[in-house]
Amino acid sequence: MTSATTAPGSGVAPSLAGRVVHVKVPATSANLGPGFDTLGLALARYDELEVEATDAATHDIRVFGVGAGEVPLDESHLVVRAIAHTFARAGVPMPALRLVAHNAIPHGRGLGSSGAAIVAGVMAAKGLLQGVVEFTPDELLEFATELEGHPDNVAPALFGGLTIAWVTPEGPRHKKLIVHRGVSPLVLVPEHEMSTALARSLQPESVPHEDAVFNVSRSALLIAALIQSPELLLQATEDKLHQHYRAQAMPETDRLIRVLRAAGHPAVVSGAGPSILVLASDPSERADAIRLVEESADTAWQALPLAVDFLGATVSEAERRAPQEAPRTAG
């Protein structure tokens, strides 16, 4: 990172009070079947936030949409934690914040809601610190990964498209790829949530050699299918590393995936679940998959036909407010 107006390590910055940024972050689906902890896809469903630096004594946080009345409205809010983490990594004291979040990404459903919140915070800090400290893309990914624990969701949320993420001794890295225009994602979202920690606890510490080789081949094939040959998606989304181990924790997800795949639809667990991602090759296939789930499901599932997001998270500076207009009490 580079410092534009501060002395290195001084922690001294010009007043940020009144600076306002708008942040927009896409949902993501990780793993995509065989690409466990490596592959992720950005999807066109968004959380949008307005974040203002204020001279108030406390934060003013308001949440609308998903999570309203459920998430904390203090410094433990995940977006605020991510902003604080990024300011700390930059060596700049964080001001009080006015944060207004309009959330559309479902929580606890395998669509990267926590990764999106973290990325929103990192991008908000980037915007608030513009002209004070500048960050490289690798640094943004590093800060987000430090909070999320792994880069497979935060990489596509940050950069959009299909991402391959890996970790080096120097930190996490990513490669962004453009998805074939014929790929038509469909997300099927149940009413119940799934704990990512629980899903990960069901993974064995080791897997058979032949299963590892199987997934290496399918992961390589999946890249080709997503960027060049969508007709290979059914075979390319086969997995032996994680989905069947987690099936006991989400039996209806597992059953519906089997029903969908038997009918020729490339269906996988989205992230840690319990949502299902169908990587259809055209919109008519998505419609067929929706009808099949409506006929086969025992409980209600929301169908979300989504485009691939190619842009990733964005941040833009709004009109700077006068410091005296900043909120003076916490909400």
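Tutor: Helices and strands are here DSSP runs, a helix having at least four residues and a strand at least two, and both are numbered from the N terminus. Please also note that the model is predicted.

Student: How many helices and strands does the secondary structure of the protein come to?

Tutor: The protein has 331 residues, of which 53% count as buried. Among contacts between residues at least 6 apart in sequence, 76% join residues at least 24 apart. The secondary structure comes to 10 helices and 13 strands.

Student: Where is Leu32 found, and is it buried or exposed?

Tutor: Leu32 is not a glycine, although its phi is positive, at about 60°. It is found in the loop between β2 (20–30) and β3 (39–54). Buried means under 20% relative accessible area. Leu32 has 0% relative accessibility, and therefore counts as buried.

Student: How are helices α1 and α3 oriented to each other?

Tutor: The axes of α1 (residues 78–90) and α3 (residues 137–148) come within 10 Å and cross at roughly 130°. Because of that angle, α1 is oblique to α3.

Student: How do the residues of the contact of α1 with α3 divide?

Tutor: On the α1 side are Arg81, Ala82, His85, Thr86 and Arg89, which meet Glu142, Phe143, Glu146 and Leu147 of α3. Sorted by type, these residues divide into three nonpolar, two polar and four charged.

Student: What is the orientation of α9 and α10 to each other?

Tutor: Two packed helices are described by the angle and the distance between their axes. For α9 (residues 251–262) and α10 (residues 283–296), the axes come within 10 Å and cross at roughly 130°. The crossing is right-handed. The angle of roughly 130° is why α9 and α10 are oblique to each other.

Student: How do the residues of the contact of α9 with α10 divide?

Tutor: Helix α9 contributes Arg255, Leu256, Val259 and Leu260, while α10 contributes Ala289, Leu292, Val293 and Ser296. The division is six nonpolar, one polar and one charged.

Student: How far apart in space are Gly160 and Lys176, C-alpha to C-alpha?

Tutor: Gly160 lies in the loop between α4 (154–159) and β7 (162–168), and it is buried because its relative accessible area is 0%. Leaving aside neighbours within four places in sequence, its contacts include Lys176, Asp309 and Phe310. Gly160 and Lys176 are 16 residues apart in sequence, and their C-alpha separation is 7.4 Å.

Student: Is the peptide bond from Gly273 to Pro274 cis or trans?

Tutor: Pro274 has its place in the loop between β10 (267–269) and β11 (276–280). For the bond that leads from Gly273 to Pro274, omega is near 5°, and the bond is cis.

Notes: Residues are numbered from 1 along each chain as its sequence is written. This is a predicted model: local features need pLDDT of at least 70, side-chain atom pairs count only at pLDDT 80 or more; totals for chains, interfaces and linings use all residues. Side-chain values use heavy atoms; hydrogens and water are left out. Axes are lines fitted to C-alpha atoms, for helices over the stretch in contact, and angles run from 0 to 180 degrees between N-to-C directions. Angles under 35 degrees count as roughly parallel, over 145 as roughly antiparallel, 65 to 115 as roughly perpendicular and the rest as oblique. A crossing is left-handed if the near helix is turned anticlockwise from the far one by less than a right angle, and right-handed if clockwise. Contact means heavy atoms within 4.5 Å. Ala, Val, Leu, Ile, Met, Phe, Trp, Tyr, Cys and Pro count as nonpolar, Asp, Glu, Lys and Arg as charged, and the others, Gly among them, as polar. Buried means under 20% relative accessible area, exposed over 50%, partly exposed in between (1.4 Å probe, protein chains only).
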